Amino acid sequence: MRKIIVDTTSLPTKNINNVMYKFVFDENTGAKYLIMRIAEVPPGERVPRHTHTDEEQAYLILEGEGVVVIGDKSYRVRKGYAVFIPLNTPHEVINDGTSTLKYVFFNAKIKG
């Protein structure tokens, strides 16, 4: 089913390791190379360190603040910041703040 416009306020949330996700666009909505999701990381929680071997990734921080670790460097982020994660680069997101860290992220699949 191909979706062009999505009301993100009506999407269900999925809890994965205490992080809430909304799946906006992906192969299930007809996107071939792009994934778009919204993540909400509660205070004290994290998106564990992981690597994408077939996707580049970008974040846009919507609310809150925290730390994004890319490779061996840590970066403080807050509302309005954008983050780029290169292919094959370990990364994680840590909410060390006092409110929810909310961001939209995009994964662009590398053509095989």
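Start by colouring the charged side chains: this structure holds six salt bridges. Keep in mind as you click around that you have a predicted model open.

**Stop 1**

Switch to cartoon view and pick out six strands, which form an open sheet. Walking across, the order is β1-β2-β3-β10-β5-β8, with antiparallel pairing. As background, strands in a sheet pair through backbone hydrogen bonds, in either a parallel or an antiparallel way.

Now select residues 14-16 and 82-85. These are β1 and β8, the edge strands, and each has a single partner, so one side of each is left without a neighbour in the sheet. Turn the view to look along the sheet and you can follow its twist, which averages 25° from one strand to the next.

**Stop 1: the β3 and β10 pair**

Select residues 34-41 for β3 and residues 101-109 for β10. How many bridges join these two strands? Eight, and the pairing is antiparallel. To line them up by eye, click M36, then find its bridge partner F106 in β10.

**Stop 2**

**Stop 3: K109 and E55**

Slide along to K109 in strand β10 and bring up E55 in strand β5 (residues 55-63). Their closest N and O atoms are 2.9 Å apart, and that makes another salt bridge.

K109 has a relative accessible area of 28%, so it's partly exposed. E55 comes in at 7%, under the 20% cut-off, so E55 counts as buried.

**Stop 5**

Next, select E65 and R76. This salt bridge has its closest N and O atoms 3.1 Å apart. E65 is in strand β6 (residues 65-70) and R76 is in strand β7 (residues 73-78), so the bridge ties together parts eleven residues apart in sequence. Both ends are partly exposed: E65 has a relative accessible area of 40%, and R76 has 45%.

E65, R76 and D96 are linked in a network of salt bridges.

**Stop 4: the aromatic cluster**

Time for the rings. There are four aromatic pairs to look for. Begin with Y21 and F105: the ring centres are 6.2 Å apart and the planes stand at 85°, so this is an edge-to-face pair. Y21 is in strand β2 and F105 is in strand β10, so the contact ties together parts 84 residues apart in sequence. Both Y21 and F105 are buried.

Y59 is buried, at 4% relative accessibility, and F105 is buried with a relative accessible area of 7%.

Ring pairs link Y21, Y59, Y103 and F105 into a cluster.

**Stop 5: a charge over a ring**

Select K14 and F23. What sits over the ring of F23? The charged end of K14 does, 4.4 Å from the ring centre.

**Stop 6: two asparagines with positive phi**

Last up, a couple of backbone details in loops. Click N17, in the loop between β1 and β2. This residue has a positive phi of about 55°, although it isn't a glycine. With a relative accessible area of 54%, N17 is exposed.

Then jump to N88, in the loop between β8 and β9 (91-94). Its phi is positive too, at about 60°, and N88 is not a glycine either. At 46% relative accessibility, N88 counts as partly exposed.

Notes. Residues numbered from 1 in each chain as written. Predicted model: local features only at pLDDT ≥ 70, side-chain atom pairs only at ≥ 80, totals over all residues. Heavy atoms only, no water. Pairing = 2+ DSSP bridges. Helix = DSSP H or I, 4+ residues; strand = E, 2+ residues; numbered from the N terminus. Axes fitted to C-alpha atoms, helices over the stretch in contact; angles between N-to-C directions. Salt bridge = Lys/Arg side-chain N within 4 Å of Asp/Glu carboxyl O. Buried < 20%, exposed > 50% of the residue type's maximum accessible area, 1.4 Å probe, protein only. Phe/Tyr/Trp six-rings, centres within 6.5 Å; stacked < 30°, edge-to-face > 60°. Lys NZ or Arg CZ within 6 Å of the ring centre and 35° of its normal.
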